[in-house]
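Open the model in your viewer and keep the selection tool at hand. We will go from stop to stop, picking residues as we go.

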Amino acid sequence: MEDKEILKQWDKEYFWHPFTQMKVYREEDNVIVERGEGNYIIDIYGNKYFDGVSSLWCNVHGHNHPKLNQAICEQVNKISHFTTLGASNIPAIKLAKKLVDITPEGLNKVFYSEDGSEAMEIAIKIAYHYWHNKGMKEKNKFITLSEAYHGDTIGSVSVGGINIFHEKYRPLLFDIYKLPSPYLQAVKLAGREKALMEETTKKLIEEVEEFVFRHHQTVAGFVLEAGVQGAAGILPFPKGYLKEIERICREYNILMIVDEVATGFGRSGKMFACIKEDVKPDIMALGKGITGGYLPLAATLTTDEIFNEFLGEFGEAKHFYHGHTYTGNPVACNVALANIQLFEEEKTLEKLQPKIKLLEERLKEFLELNHVIDVRQYGFMAGVELVKDKEKKQPYPYGERTGFKVAKAMLKRGIWVRPLGDVMVIMPPLSTTEEELDYFLDSLKESIIEVCGN
Ligand code: PLP
């Protein structure tokens, strides 16, 4: 048997893949990646595919970038890991300073972890613990949004709101207050055309404020994604919504906990969505693009006000009892530093703006397709929603996997994508060229027509 065939066999026999129905996976032919080259991945047979989802929304400057590789190698040649429980390392220190410099004003402390879920888990624990240390134990609940996604650990699932992922675990989860998804509620109130307008935001905020007025004494924090609910199918917030939530948090003494795991590091069009929206949260979670998509690293940033509540004599036991074996790993921190430096050297954000415009322009074409009911964009991320019947607003049955079929049709055209159900996700690396983006969108259109008909 060929080595490649053995790999395929072992993959199906031993490897339990994330978010994957393994029965179906094992019946299919899957891409086994061997290497990467810029915005492309190359499989074990030498087939080259454009990375249409940035390796699940984390790749920034492309694969196998010499400067990012160099940052990893340089650190590996010094030391790959040593604990940060009671000790420190040079890249982790420098990165903490850098993150404080580039994130919104007021976020002055950095707590590291390994992935976005954990960054959110930490955010929740810190907020809860903060009020506890302040002697306000009654502030122990979180306001969350329907359709939210903050990760897969029990804490981050507790503040999540995607039924198909989260409802099964309900008995294991802590109680939360849940408000409607801003986009879906806006569509309900004002229709798709007017959903994102400021007028609609006003109506939504009235509902939020009325709820907060009644419950704020028991609320530790308001947890929300920054500007868009990504995993729910790229559902952008109506104009000014995030800013209004900031105002409400300030007025009612609630911590604003913003999840920038997906939007951070340029995806929103600015370095962070909070900067784009002029919002200064109390706690902010970062992950995904922090290392340019090279190594697992995440961070939770807080204000001094929060940090200071954890200070005390050792015997007071006020400190934050949290930390993992690989917290603040120096190799991951070193590549994160190089990633941030590349933003400056390659003028990533400047070059991104025309691509965001191009995406906006070209997305309009999709609305003309018979099976596309909605297109949504936030910065350099977009979703194209497919339905069986546009007039009747009738979705395809879940088991038909229409989005997946379109993804397979894209693969034939040399593009790897992963849809969210029947929402086709457009999330290529920020280093994508305009030509590549055009080809991606042409192929998506053709693939939708091929699978769904015209
Ligand atoms: N928060 C948001 C907004 C996300 O989109 C994700 C992942 O998609 C997470 C948290 C979880 O991050 P991770 O998969 O790195 O645990």
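The tour visits salt bridges, then cavities.

**Before you start**

This is a predicted model, so local features need pLDDT of at least 70 and side-chain atom pairs count only at pLDDT 80 or more, while totals for chains, interfaces and linings use all residues. Residues are numbered from 1 along each chain as its sequence is written, and side-chain values use heavy atoms, with hydrogens and water left out.

**Stop 1: salt bridges**

A salt bridge here is a side-chain nitrogen of Lys or Arg within 4 Å of a carboxyl oxygen of Asp or Glu. By this rule the count is 33 salt bridges.

Select Asp-29 and Lys-8. Their side chains form a salt bridge, 3.0 Å from N to O. Asp-29 sits in the loop between α2 (22–27) and β1 (33–37) and Lys-8 in helix α1 (residues 3–14), so the pair ties together parts that are 21 residues apart in sequence. Helices (H or I, at least four residues) and strands (E, at least two) are DSSP runs, numbered from the N terminus.

Which of these two is buried and which is exposed? Asp-29 is exposed, at 52% relative accessible area. Lys-8 is buried, at 18%. Buried means under 20% relative accessible area, exposed over 50%, and partly exposed in between (1.4 Å probe, protein chains only).

**Stop 2: Lys-239 and Glu-198**

Now pick Lys-239 and Glu-198. The closest N and O atoms of this salt bridge are 3.9 Å apart. Lys-239 lies in the loop between β9 (235–236) and α11 (241–251) and Glu-198 in helix α10 (residues 198–215), so the pair ties together parts that are 41 residues apart in sequence. Lys-239 is exposed, with a relative accessible area of 54%. Glu-198 is partly exposed, at 48%.

**Stop 3: Glu-450 and Arg-413**

Move to Glu-450 and Arg-413. This salt bridge has its closest N and O atoms 2.8 Å apart. The pair links distant parts of the chain, 37 residues apart: Glu-450 is in helix α17 (residues 434–452), and Arg-413 is in the loop between α16 (402–412) and β15 (415–416). Glu-450 is partly exposed, at 40% relative accessible area. Arg-413 counts as buried, at 19%.

Next, select Arg-362, Glu-365, Asp-438, Asp-442 and Lys-445 together. Salt bridges that share partners join these residues into one network.

**Stop 4: the largest cavity**

Rolling a probe the size of a water molecule over the atoms shows where empty space is left. On a 1 Å grid over the protein atoms alone, a cavity is a set of points where a 1.4 Å probe fits but cannot get out; lining residues have an atom within 4 Å of a point. Grid points are joined across faces, edges and corners, and a volume is the space filled by probe spheres set on the points. There are two cavities of 30 Å³ or more.

The largest has a volume of about 60 Å³. To find it, select some of its lining, including Trp-57, Phe-265, Arg-267 and Leu-430. The lining draws at least three residues from each of domain 1 (31–61 + 347–452) and domain 2 (70–345). These domain bounds come from an automatic or database domain assignment.

**Stop 5: the second largest cavity**

This cavity holds about 40 Å³ of space. Select Pro-180, Pro-182, Gln-185, Leu-204, Glu-207, Val-208 and Tyr-241, which line it. The elements giving two or more residues to this lining are α9 (182–194) and α10. Which element gives the most? α10 does, with three residues.

Key
On a 1 Å grid over the protein atoms alone, a cavity is a set of points where a 1.4 Å probe fits but cannot get out, and a pocket is an open set with protein on both sides within 12 Å along at least five of seven lines; lining residues have an atom within 4 Å of a point.
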